[in-house]
Amino acid sequence: MSQGDANTERKAREVTPEHKAAMIQGRMEARVVRQYLEALEGVRKSGGRRRSKETLEKKLASVEQELASADPVGRLHLIQERIDLQSQIEAAEQNVDINELESAFVDIAGSYSERRGISRQAWREVGVPPKVLQRAGIR
């Protein structure tokens with residue numbers, strides 16, 4: 001490889017400060033979107049009203065007691081309930097503040113949508129509420 005080829009290749013790899021800033025912004029926005037969508041998914045999966053960690057632990061203890069005397073089909077359902085309760089307890093321990101994540105999402109969703117070509121309909125299909133999209137300026 002000649003010296004001219006090496007210089008051309010080196011220049012092609014150089015990243016401008018503007019490009020670096022855009023990459024950092026893109027990563028940050030992607031992280032905010034991912035965290036918010038994961039939190040939304042967790043809320044949807046748990047459904048209904050939020051129960052405290054203590055309430056979930058009491059219910060888990062009750063399920064454990066019922067397992068000892070359950071018939072095979074009842075045991076199957078109780079095991080699934082135990083798995084669900086354990087997941088809910090883990091989520092409660094993480095103590096995710098959906099409002100904080102939503103606020104961060106609203107701040108970046110417009111630019112993220114525009115840059116990535118994400119439509120309002122796509123956001124709606126993944127579960128983002130219309131009011132949140134409106135606050136984010138996505139119409």
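A few ground rules come with the model: residues are numbered from 1 along each chain as its sequence is written, and side-chain values use heavy atoms, with hydrogens and water left out. As this is a prediction, local features need pLDDT of at least 70 and side-chain atom pairs count only at pLDDT 80 or more, while totals for chains, interfaces and linings use all residues.

Let's start with the overall fold. The protein has seven helices and zero strands, where helices (H or I, at least four residues) and strands (E, at least two) are DSSP runs numbered from the N terminus. Read from that end, the elements go α-α-α-α-α-α-α. Of the 139 residues, 20% count as buried; here buried means under 20% relative accessible area, exposed means over 50%, and partly exposed is in between (1.4 Å probe, protein chains only). The accessible surface, from the Shrake-Rupley method with a 1.4 Å probe and, for residues, only the protein chains shown as cover, comes to about 10200 Å², and 49% of that belongs to carbon and sulfur atoms. Take the contacts (heavy atoms within 4.5 Å) between residues at least 6 apart in sequence: 67% of them join residues at least 24 apart.

Now for the inside. A nonpolar core is a set of buried Ala, Val, Leu, Ile, Met, Phe, Trp, Tyr and Cys residues joined through side-chain atoms within 4.5 Å. The largest one has 17 residues, and V33, Y36, F105, W123, V128, V132 and I138 have the most contacts inside it. Helix 2, helix 5 and helix 7 each supply at least two residues of this core, with the largest share, six residues, coming from helix 5. Leaving out residues up to four places away in sequence, V132 touches Y36, E102, F105 and V106. Apart from this core lies another, of seven residues, among them L56, L60, V63 and I89.

An α-helix has 3.6 residues a turn, so residues three or four places apart point the same way.

Finally, the charged pairs. The whole structure holds five salt bridges, each a side-chain nitrogen of Lys or Arg within 4 Å of a carboxyl oxygen of Asp or Glu. One of them joins E29 and R115 at 2.6 Å, N to O. That pair links distant parts of the chain, with E29 in helix 2 (residues 17-46) and R115 in helix 5 (residues 98-116), 86 residues apart. E29 is buried at 1% relative accessible area, whereas R115 is partly exposed at 42%. E102 and R135 also pair up, at 2.8 Å, N to O. E102 lies in helix 5 and R135 in helix 7 (residues 130-136), so this bridge ties together parts 33 residues apart in sequence. E102 counts as buried at 18%, and R135 as partly exposed at 49%. Within helix 3, K53 and E57 form a salt bridge at 3.9 Å, N to O; being four residues apart, they are separated by about one helical turn.
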